[in-house]
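Q: I have a new structure to look at, and I would like to learn how to read its side-chain contacts. Could you walk me through them?

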Amino acid sequence: MTPTPTKSLATKDTASPAPSSRSSVETADAPTSSIPTAYVSDKADDSSKLRTFLSILRKFIGVADIASVRFSLPAQLLEPTPNLEYWNYLDRPETFISIGDSDDALGRMLAVLRFWFTKDLKYVKGKPCKPYNSALGEFFRCNWEVEDSSPSIVGDGPKVSATGEVSTEHKTVRVSYITEQTSHHPPVSAFWVDCPVKGISAYGFDQLSAKFTGTSVRVIPGAHNLGIFINLQHRNNEEYRLTHPAAYLAGMLRGSLSITVADTCYVTCPKSRIKVILHYLEEGWLGKTQNRVLGVVFSYDPEIDNKFKIKDVPEKDVLARIEGCWQDKIYYTPKDAKDPQLLIDLNPLWPIPKVIPPENQQLSNESRRFWRGVTEAILNKQYGQATKLKQELEERQREKATARKDQGSEWRSRFFTETLVPNGKPNLSEDGRRALKGLQEGDYHLEESAIMGA
């Protein structure tokens, strides 16, 4: 069968150029447009870094979760990028804002999948890296400015604002993002993505659990990471839940890190009664890595959600099938169709730069400013100074934690109402709503936090 390349994202208009070796310029009083250095940094000394990193990891063979263990890496092993800046799912925000465009429920679910396969371009286009560990109360905020140009996949639907009064087609739309480290033990951050013009938001908690096997690191969602939740306000508040698969960080013995995925994950939307099962295939030990993924989109009953394998889905419930390479091209085949259709071609796509508040309007616990001294030292290859500054920040966090314990006080996050919630859905505080509103309006002013975690 010959795939039919219709309605894909990867057109000449939406592709972005590869980042240059100098991807951002810091200025004190203007917003900066930035791509993390992990996409573009020099890889010449990666082998020696990996050997040192491997020697440290060997001490943790058998430890159930090394992500929860207190240990400090020397600065020369870190990517000069704050963790909260690195971990986000908006590598291609134009796929996110188009999720609710189609009037067809299947079209909206396929748009969710198009977003899903673009959210990790950082791993497809760049090297895996170890950013800084986040400090309690540290936060990061930014905008993306993108053209609303991604076509509907199945079904028609005008590109309009959430109120239906203004056309957004081929116009620049602003997407705002805020994330905060709400817990240190366990290490958990809450995040919120908002695009009021399109009436779409996303939210959740990020937490990783990792185990070193001796040759690779297996990374799975932590207990508080229940997935990404997406809400479509103008589609009767349809909510999608996207769960994360397990991933493997391999290649340490070869001196060249790579990420593979071998697991099953799910996307569900109870209101539209549509579910997706995605199965990332495990490669044979002699086989060349193919990074293949298979999936099925089907009708389900949210009250009887008991289908967890592709083979268990009755043919009568199937709406579409998914296949492809998650680092290359993904196709979908609608029910009763013979030829697969191109859902997304990742080859011409690169992460879209973030628009970050001016340095003089960042707070002292805002990621870029909080880690500025460490970052500057690493970039200048002053690793001893970077390690010293990093350890000072870590010690300050421990001292404040001890003081809170002695006073019998509990940590309270600023931008979210609770540090952790059992359903995996954080709620914005008044300060959180104000910060997002300011981002949308280009007003970055915030008062300094009354209480610091570090």
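This is a predicted model: local features need pLDDT of at least 70, side-chain atom pairs count only at pLDDT 80 or more; totals for chains, interfaces and linings use all residues.

Q: Is Lys119 buried or exposed?
A: Buried means under 20% relative accessible area, exposed over 50%, and partly exposed in between (1.4 Å probe, protein chains only). Lys119 has 3% relative accessibility, so Lys119 counts as buried.

Q: What else does Lys119 lie over?
A: A charge sits over a ring if NZ of Lys or CZ of Arg is within 6 Å of the ring centre and within 35 degrees of the ring normal. Lys119 lies over the face of Trp116, 4.3 Å from the ring centre. Lys125 is placed over the face of Trp350 in turn, at 5.1 Å from the ring centre.

Q: How many salt bridges are found in the whole structure?
A: The search finds 25. One of them joins the side chains of Glu85 and Arg368, at 2.8 Å from N to O. Glu85 lies in helix H2 (residues 83–86) and Arg368 in helix H6 (residues 367–370), so this pair ties together parts 283 residues apart in sequence. Helices here are DSSP runs (H or I, at least four residues), as are strands (E, at least two), numbered from the N terminus. Both Glu85 and Arg368 are buried.

Q: Which residues are linked in a network of salt bridges?
A: They are Arg414, Glu430, Asp431, Arg433 and Arg434.

Q: How is a pair of aromatic rings described?
A: By the distance of the centres and the angle of the planes. Rings of Phe, Tyr and Trp (its six-membered ring) pair if their centres lie within 6.5 Å; planes under 30 degrees apart count as stacked, over 60 as edge-to-face and the rest as tilted. The count comes to 13 aromatic pairs. Among them, Tyr86 and Trp87 are edge-to-face, 5.6 Å centre to centre with 80° between the planes. Tyr86 is buried at 2% relative accessibility, whereas Trp87 is partly exposed at 26%. Together with Tyr123, Tyr86 and Trp87 form one aromatic cluster.

Technical notes: Residues are numbered from 1 along each chain as its sequence is written. Side-chain values use heavy atoms; hydrogens and water are left out. A salt bridge is a side-chain nitrogen of Lys or Arg within 4 Å of a carboxyl oxygen of Asp or Glu.
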